[in-house]
Amino acid sequence: LNYLWHILVLISLYALLAMSLNLVVGYTGLMSLCHAAFYGIGAYTTTLLMMRADWQFFPALLAAVLLSGLLSLLIGIPTLRLRGDFLVLATLGFQVIVFSILYNADSLTNGPYGIPGIPTPRLAGLEVNTPFRYCLFAGAFAGALGLLLRALVMSPFGRVLKAIREDEIAAAAMGKNVPALKMTVFAIAAAFAAVPGALFAGYLRYIDPTSFTTAESIFILAIVVIGGAGSLAGPVIGAVLMILLPEALRFLHLPEAVAANLRQIIYGLLLIVLMRVRPQGLQGKYGFD
Amino acid sequence: LLLLQLLANGIINGCLFALLAVGFALIYNTTRVFHIAYGATYTVAAYLCYFFLVRMQWTIPAAIGGTVLLTSLLGVLIQVFVYAPLERKRASLLVALLSSLGLDVVLVNLIPMFFGNETRVLRPGAEPVLTVGPVFLSGIQLAVLVTAALLLSLVLLLLRYSRLGSMVRAVRDDPILAVVMGIDQGQVRLAVFAAGSALAGMASILTALDVGVEPNVGMPALLVAAVALIIGGVGSFGGAVVGGFFLGVLQSLIVWRVSTRWTDTITFTLLILFLLFRPQGLLGTRHRLEEGTG
């Protein structure tokens, strides 16, 4: 049964990642390939504050959210005005830079060896240390932030985002400050991505840079696109599907190395096929026109 | 003296980067498809060469010839089976980009199923070292220099003077007008995918012969190609060459000051600086990067 809770924790984490990225990709129409960077920033900030400065989980989480949002300004301000494919390249660049810092700044992040022994979060004096408890914990976060995002995209702010996606020039002509709005939504998504980062660190109790690679960013983007960009349910459906599908492969008893590659091949193929026949994804509203 | 050696290394790397960048530019400038699977093409080429050379025991020229041919074919197949149908559906370029991303994931993950994850060496033994004036060059570095000089001038001359070259430039400048003038766009696309992929293949073979190959070499190669393209100036083929050399030399000189492990960081900081202050690149053209939604 612990296996089931473990799967649900993973789904919660990826649903959180995909929901926040969807705000940028699906609602505003900006293609970003650095979400794993913010995920990593969240995980490392929380971990370092808890272990080096003896902070509690929640204040550390809050600090990670703020830092991730702030760092997103660094990449967002120079690049968000770029056209689709150059934005992809620029965000990919940011992803590579963040990974290289996590990997190479030994004194801070312990480089490729990672950081073991991360304390588990405590909630009202209770250690969140079993898979079941963690599942409730992460699930609560996913639910709460999901509701928050829902309120956000249904608000006037959400409508302006969609207006930018559909026609940037028209939105600007209506008096909307398009660059500032893009930056705001990018920062919100980055701040959100820090939450699953912190949850991930507290769950595995060990982090290293390989969890926050370019491939991970591609994976998160694929969840959004396959589930359906620009819809509320899409990222959740995508996360469920993309976590369960490879788990199903487990029952074929393939060697671990082959299974890992096969998993990736399946989602790559899924991406190609969906782009051909249904670019808006399974549940999406936005087909990247 | 150390400076000269670093400069020489930088130029050799610049040769490889320039090949990569021109191949990418051929595809990007003409089709506007951000061909992410270019990285996978690069990886596949290195493994094909490994397969011919080590597993099949072919001679080096035969292995290189076979690899370049097949790599070129791979590019054509990608255009025919992935991009052309999207083009016919008038799908947006972002859709093409996402397909390309999927394709890259598929190809890169197919490779370890056949060749494993570990680094493969194409040629055993140490390289004889030549002394040219004050700098040391290995045989393979010399080969890089000669091949790149030949191929780059060939490509640039063909683009300028051949009939196909002017067709490619016409499609780059204005695809619709080019079609109106009776140019078969499909043919041009096939040509640039074939040539671009072959150039990536050549760069990949030369690198693999020197340092071997592992499954993750493609992404850095793609990034170098794309960054060199932007630094040189989108839309310009000569610019891509300049961008490649610029990046190669700069990386090599920076190694002098800081450790190699920050190379990627430097490349991308450079990219962001260029996007911020000189988005038209070194050899600027009229295309503006921020226009349209892609």
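The expected span of a helix is 1.5 Å times one less than its number of residues. Helices (H or I, at least four residues) and strands (E, at least two) are DSSP runs, numbered from the N terminus. The structure is a predicted model, in which local features need pLDDT of at least 70, side-chain atom pairs count only at pLDDT 80 or more, and totals for chains, interfaces and linings use all residues. Residues are numbered from 1 along each chain as its sequence is written, chains are lettered from A and ligands numbered from 1 in the order in which they are written, and side-chain values use heavy atoms, with hydrogens and water left out.

Chain A contains 12 helices and 4 strands. Its radius of gyration is 18 Å, close to the 19 Å that the globule rule gives for 289 residues, so chain A is as compact as a globular protein of that length. The radius is taken over C-alpha atoms, and the globule rule is 2.2 Å times the number of residues to the power 0.38. The C-alpha trace of chain A spans about 55 × 45 × 35 Å along its principal axes. Of the 289 residues of chain A, 59% count as buried; buried means under 20% relative accessible area, exposed over 50%, and partly exposed in between (1.4 Å probe, protein chains only). Among contacts in chain A with a separation of 6 or more, 77% are between residues 24 or more positions apart, where contact means heavy atoms within 4.5 Å.

The accessible surface of chain A is about 11,400 Å², and 69% of this area belongs to carbon and sulfur atoms. Accessible areas come from the Shrake-Rupley method with a 1.4 Å probe; for residues, only the protein chains shown count as cover. Chain A carries 17 positive and 12 negative side chains, with the centres of the two sets 8 Å apart. Lys and Arg count as positive and Asp and Glu as negative, while His and the chain ends are not counted. The place of a charge is taken as NZ of Lys, CZ of Arg, CG of Asp or CD of Glu.

Helix H9 of chain A covers residues 178-204. At 1.5 Å a residue, its 27 residues should span 39 Å, which agrees with the 40 Å between its end C-alpha atoms. Of these 27 residues, 22 are buried, so H9(A) is largely enclosed by the rest of the structure. A:Arg205 follows H9(A) and has a positive phi, near 65°.

Two further helices of chain A each hold a buried residue of interest. A:Asn22 lies in helix H1 (residues 2-27) of chain A and is buried, with a relative accessible area of 2%. Beyond its neighbours within four places in sequence, A:Asn22 is in contact with A:Tyr27, A:Val224, A:Gly228, A:Ala229, A:Gly230, A:Ser231 and A:Pro235. A:Ile97 belongs to helix H4 (residues 84-104) of chain A and is buried at a relative accessible area of 12%. When residues up to four places away in sequence are not counted, A:Ile97 touches B:Thr265, B:Phe268 and B:Thr269. The C-alpha atoms of A:Ile97 and A:Ala201 are separated by 21 Å, and the two residues are 104 residues apart along the chain.

Chain B has 11 helices and 2 strands, arranged along the sequence as α-α-α-α-β-β-α-α-α-α-α-α-α. The radius of gyration of chain B is 19 Å, close to the 19 Å that the globule rule gives for 294 residues, so chain B is as compact as a globular protein of that length. Its C-alpha trace spans about 55 × 45 × 35 Å along the principal axes. Of the 294 residues of chain B, 54% count as buried. The accessible surface of chain B is about 12,500 Å², of which 68% belongs to carbon and sulfur atoms. The mean positions of its 17 positive and 12 negative charges are 4 Å apart.

In helix H4 of chain B (residues 93-115), 23 residues should span 33 Å at 1.5 Å a residue, which agrees with the 33 Å between the end C-alpha atoms. Since 19 of the 23 residues are buried, H4(B) is largely enclosed by the rest of the structure. B:Gly116 follows H4(B) with a positive phi, near 80°. B:Gly201, in helix H8 (residues 185-211) of chain B, is buried at 0% relative accessibility. Apart from neighbours within four places in sequence, B:Gly201 is in contact with B:Ala45 and B:Thr71.
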